[in-house]
Amino acid sequence: MAHNIAVIGGDGIGPDVTAEAVKVIRAAGVDIATTDFDLGGSRYLKDGEILSDETLDELRAFDCILLGAVGTPDVPPGVIERGLLLKMRFELDLYINQRPFVGTAPGGTEPHDFVVIRENTEGPYVGEGGSLREGTPQEVATQGSFNTRFGVERCVRHAFELASTRERKHLTLVHKTNVLQFSGSLWQRTFDEVATEYPQVDTAYNHVDAACIYFVQDPHRYDVVVTDNLFGDILTDLGGAVSGGIGLASSANLNPDRTGPSMFEPVHGSAPDIVGQNKANPTASILSAALMLDFLGETDAAARIRTACDEAGTGSTTDVGDMIAARVGN
Ligand code: IPM
Ligand code: MN
């Protein structure tokens, strides 16, 4: 049976890299039925829709969502990010943002291979807070970080589950417990309690500032890293930078309970500066498609796609897509 995939190409280079990902999935012999959704900044400028509840309900019926990139310079920053991307993460309960990093850090000699598990529905992203007397010298702005025992525990548990399936079975909690005493304590206690259920997993803790140094200078220490939404956002850009660049960084926004579709997207943005030039690297999108195939149980095709990405040379967007498609076999 074909997997039903909603495709949101989005803005800028998003539709082009996503088209290559779809091409590669089909070349790998996986049966997918795709439905395109015109969403993103350009659609918003056309008729005002960002992501209506009706469209959201249509998306719920799919097995997975493949997303390119959203955002255009003609729309103020944050509008599409919050109204489309974050709305999908929250409403579809995509509580895990899983981002793998394989590569060799600049100046390093040995390759690393680790995964960051970023909590994806809480923290400062919830938008708790407000402002008063805006634009005056008395302006006040607060921005809270929202952390629930339920939300932290399901994220930490997912990370322990993943670590227990990997060869090294090692999990590092990253936070800032020396300053963020309330949320830090909740994360640390939850982590320690769940750890007792996974005696086979070795654990460690790093403050996030120290983790930034280790990501660059000693990424080999990591196997699985679990952290909150904002630390995870920042750390995964750094992860991309030390693993061959953002052109290779893939991500999975998962609803592990499968109560709705999960969403797969490259970490990079819509790159409006190079749109229409056929020069964006589609590899991050193709590797995100491989994560989707893993989630759909098509693990053999996913593995072949990853190998083909490793072996492909450089070229235009369509050249790289064609090279990878030609190598995936089936
Ligand atoms: C990411 C992005 C998003 C985030 C933005 C576009 C809202 O940076 O997926 O990492 O902050 O989560
Ligand atoms: Mn980010």
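The model is predicted, so local features need pLDDT of at least 70, side-chain atom pairs count only at pLDDT 80 or more, and totals for chains, interfaces and linings use all residues. Residues are numbered from 1 along each chain as its sequence is written, ligands are numbered from 1 in the order in which they are written, and side-chain values use heavy atoms, with hydrogens and water left out.

Ligand 1 is surrounded by E81, L85, R89, R99, R118, Y125 and D233, where a residue counts as near if one of its heavy atoms lies within 4 Å. By class, this shell holds 2 nonpolar, no polar and 5 charged residues; Leu and Tyr count as nonpolar, and Asp, Glu, Lys and Arg as charged. Helix α4 (residues 79–91) gives the most to the shell, with 3 residues; a helix here is a DSSP run (H or I) of at least four residues.

Polar contacts are pairs of N or O atoms within 3.5 Å. An oxygen atom of ligand 1 is 2.6 Å from a side-chain N or O atom of Y125, and one is 2.7 Å from such an atom of R89. For D233, the distance from a polar side-chain atom to a ligand oxygen is 2.9 Å.

Turning to the rings, 8 aromatic pairs are counted, with ring centres within 6.5 Å. Among them, F37 and F62 are edge-to-face (planes over 60 degrees apart), at 5.6 Å centre to centre and 85° between the planes.

Technical notes
A polar contact is a pair of N or O atoms within 3.5 Å; within protein, one must be able to donate a hydrogen and the other to accept it, and residues adjacent in sequence count only if both atoms are side-chain atoms. Helices (H or I, at least four residues) and strands (E, at least two) are DSSP runs, numbered from the N terminus. Rings of Phe, Tyr and Trp (its six-membered ring) pair if their centres lie within 6.5 Å; planes under 30 degrees apart count as stacked, over 60 as edge-to-face and the rest as tilted.
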